[in-house]
Amino acid sequence: MAAARAMMDEIHEDCGRTSHGDTNTYTLGTIMGHNCVIACLPGGVYGTTSTTAVANSMRFSFPSIQFWLMVGIGGGAPTDRNDIRLGDVVVSRPSPGRGAVIQYDYGKLMSGGRFEQTGTLNKPPPLLLTASAKLEAEYRVRKDGQIPTFIAEMLRQYPDMKAKYSHPGVEHDILFHPSYDHFDPGLTCRNCDKTQVKPRATRPSTNPIVHYGTIASGNQVIKDAKTRDKFSRELGILCFEMEAAGLMDNFPSIAIRGICDYADSHKSKQWQEYAAVSAAAYAKELLSVIPHRYQAKEVDSPRIWSEKTPTSRKELLESLEFDEIYSRHASIKTAHTQTCKWLFDNLKYQNWLNFNKYSEHHGFLWIKGKPGAGKSTIMKYTLENARKAMKNKEKVIISFFFNARGEYLENSTIGMYRSLLFQLLLAVPDLQVTLNSNSIAKGTHGSDWSIEILQNLFLQAIKQLTDQSVMCFIDALDECDEDEIRNMVDFLSSFGDMSDHRVSRLYICFSSRHYPHISLETGLEIILDDEDGHSEDLAKYLNSKLSSIKGKKIEEVKAEVLGKSSGIFLWVVLVVPILRKAYDHGRMAALRQKLREIPSGLNDLFKDILTRDRDNLEDLFVCLQWILYSKRPLTPFELFFAIQSRDVRELSSAEPPEDTESVRRFILSSSKGLAELSKSRRPNAQFIHESVRDYLLRDGGMQSLLVDLQVGLAHSSHDLLRHCCDNYMAMVVQSHPAGWPNLPDAKSHEAAVLRKEISEKFPLLPYVVEFLIKHADDAEGEGIQQDSWVDGFPLKSWIYLHNIFEKHQVRRYKDSARLVYILAENDLANLMKAGMQRGLYTNLNSSGGRYGSPIRVAFLRGSKGVLEIL
Ligand SMILES: [Zn+2]
């Protein structure tokens, strides 16, 4: 920032008027007649994600910024064609077939384990491209341009900067041969072998030369000459840096990087300041050729609203919604009659809603209890009763129920913010003006919502409320990532302070297990285990469920059940049918005998249920492993066929189930009652409660079931799932003995019809095609060799089936595609490594797919694991 600031012709007083929640530090001023805002990444922070966060806040505070310059330093990639030296400047510019900036790092892991497309190569806006082309032309005439002049002027104006920001001298610009690694880690190149220096012609002056071309941007530092040269050869990259990709997609920007090292093991910090100054000087020169009519009339005062038509507002509102938005809530068991009412009489609950006590708790109530205690049911009940009680709309009521077993949006705070905001804006339509906010990029749709934008919008919406308060119920925090939850709790806590003097307030009720422990500075806490009302609920439930059983001893039985339950509702719910069955078989004596046998504690009960009889054990194991290890939740029909696929004969004789109800019964019996169907628009198979998964995975339940397990559970499960997928695909292939017809174009109506027909006929096929190889890769991971699977894999059939489901013609594989290309594209590093060790994959540079060679596709798709092996 110092370098850019020093390039300013005029520095304005700090306006201090940024929008709420914006923690950036800005310098405002003019450069070459343009009003400019400079922001920089917080000290010690790097990376494209941080850049995006800073830029988002900046756009929020200064909505009429016209264009963005990413000015900073980077590692150069010198080649025979591009004689890049330290202190030179590289400016991002696309060329035919190449983007201006390429993102080279790992994509974010999205729902279902797929990789988000990386490297969307946005072109710099025409305004900036034209300006940089104009400068380039001027340089041809006037050789050095104005960079040296600007630097000299700056050093005259700020003499203190001379020591750090002057040219370090050509004798310190040393380029070693790529094969020669740095000698002394942590030290300078003094001890490096000078005979390994690559000879280069002496330049007539030390003035920086400007290069135009592709910049690679990512979250990892490149400090290896061979990697540098490979990417430079393959993709024509001139410079590596760590910020530009955070801007290129959503901001009209150009990247300007001063070269401070050669992205190799000899990299040092000696040139960083000078490189920063030469980049800033180029930025200044670029501004000098941009016409002033593009500048805003005055530096923005922070403004939040801009024009957006009602249509796009409506579209934005709709894009907040998602398929599973209410499914967890719908799947929670409704409270038994007469239970949960105690909460409304609870003093803490009443204080929570007491306006006069707001300053004591800042609107926070936290309900905690053991797994299976019944928290979600209480939350659902409380929510619904709060809704009934608030008919006069003095309070708006919104809610989110985290669901670890569901899709990505059901167990992430992104999904939570989307859902809460959607409900809030629906309930108070006046707040929909929030969606005019300029922080939303044009063309934003469902997958583009970021935490920062959603938090900002939520904050703005709450601030806009005039006379209404908001009651917000958030259930099962423990079913989301702990860091996300901490971030969310911090964010929401900031509201409590903010609304101290306001009429409208935010009331938040969380529920979670006792661990992980997240503390609130102010707030009320209700511990279910300690509440008499909760124990009384259990007794009421038991009374009604066992009311048909008469006998002198029944009261003793109930007391024993309650004692053994330790206050866990789920335990009682599971035990009651077992007791009733025993009673039907042998009356009270049998019931009491059974009760003695049933273990206390949820985990022991699960184990008892799973091992009580030995019927259909194969189905049980395969069912549990599918639910635990499938790459995404399965629909009921998918799970039905997935279980059958364990055995080829079973699969070929399996009658397709008639309706969802018969599938539901099949899944219930296969899982011995521990799995069920979710109640969403598109139901999925899932465990009845998160504690079942915890028992099976974390508490070793699966290990104790599969006693003869030779390798890790995860690997052997992926191997099993891979085996099931193989069988299913073989069955599909065999059903077309005469071969397959030529495929219609992917975009055509015929192709859509074909996709629909095939997936109706073979419900599991889309899953198999998408994840079969991934399961094989996971199985290979640490233990189970897939060599013979690789050798026997019917690649041609798989490619054909894959192409059926691929909706984009260009993404279809050619018939001749090699497995190695597919592995590289999808970052299947385990199979890649195993194949390389066996010498299967040669010719990694030969072209063969949409993106050319396996190396190139791995690079472009950010296949980090595969790149490490290559
Ligand atoms: Zn060195």
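1. Some conventions should be kept in mind while reading. Because this is a predicted model, local features need pLDDT of at least 70 and side-chain atom pairs count only at pLDDT 80 or more, while totals for chains, interfaces and linings use all residues. Residues are numbered from 1 along each chain as its sequence is written, and side-chain values use heavy atoms, with hydrogens and water left out.

2. Helices (H or I, at least four residues) and strands (E, at least two) are DSSP runs, numbered from the N terminus, and two strands pair if DSSP finds at least two bridges between them. Strand β2, residues 26–31, is joined to β3 by six bridges in the antiparallel sense, and Y26 stands opposite A39 in β3.

3. Another open sheet has five strands, ordered β11-β12-β13-β10-β14, and its pairing is parallel. Its edges are β11 (395–401) and β14 (524–527), each of which pairs on one side only. On average, neighbouring strands of this sheet are turned by 15° against each other, direction ignored; here axes are lines fitted to C-alpha atoms, for helices over the stretch in contact, and angles run from 0 to 180 degrees between N-to-C directions. Five bridges link β10 (residues 364–368) with β13 (residues 506–512) in the parallel sense, and I367 has S511 in β13 as its bridge partner.

4. Helix α15 (residues 413–427) packs on the five-stranded sheet, touching β11 and β12 (469–475), and its direction makes about 155° with that of β11. Contact means heavy atoms within 4.5 Å. In the loop between β11 and α15 lies N411, which touches F402, N403, A404, G406, E479, C480 and D481, not counting residues up to four places away in sequence.

5. How do helices α22 (residues 617–629) and α28 pack, and at what angle? Their axes are 10 Å apart and the angle is about 105°, which makes α22 roughly perpendicular to α28 (angles under 35 degrees count as roughly parallel, over 145 as roughly antiparallel, 65 to 115 as roughly perpendicular and the rest as oblique). Residues V622, Q625, W626 and Y629 in α22 meet a set in α28 including L713, H718 and C725.

6. Helix α28 (residues 713–734) also comes within 11 Å of α32 (residues 795–805), axis to axis, with a crossing of roughly 85°; the two are therefore roughly perpendicular to each other. Here M729, V732 and V733 in α28 meet S797, W798 and L801 in α32.
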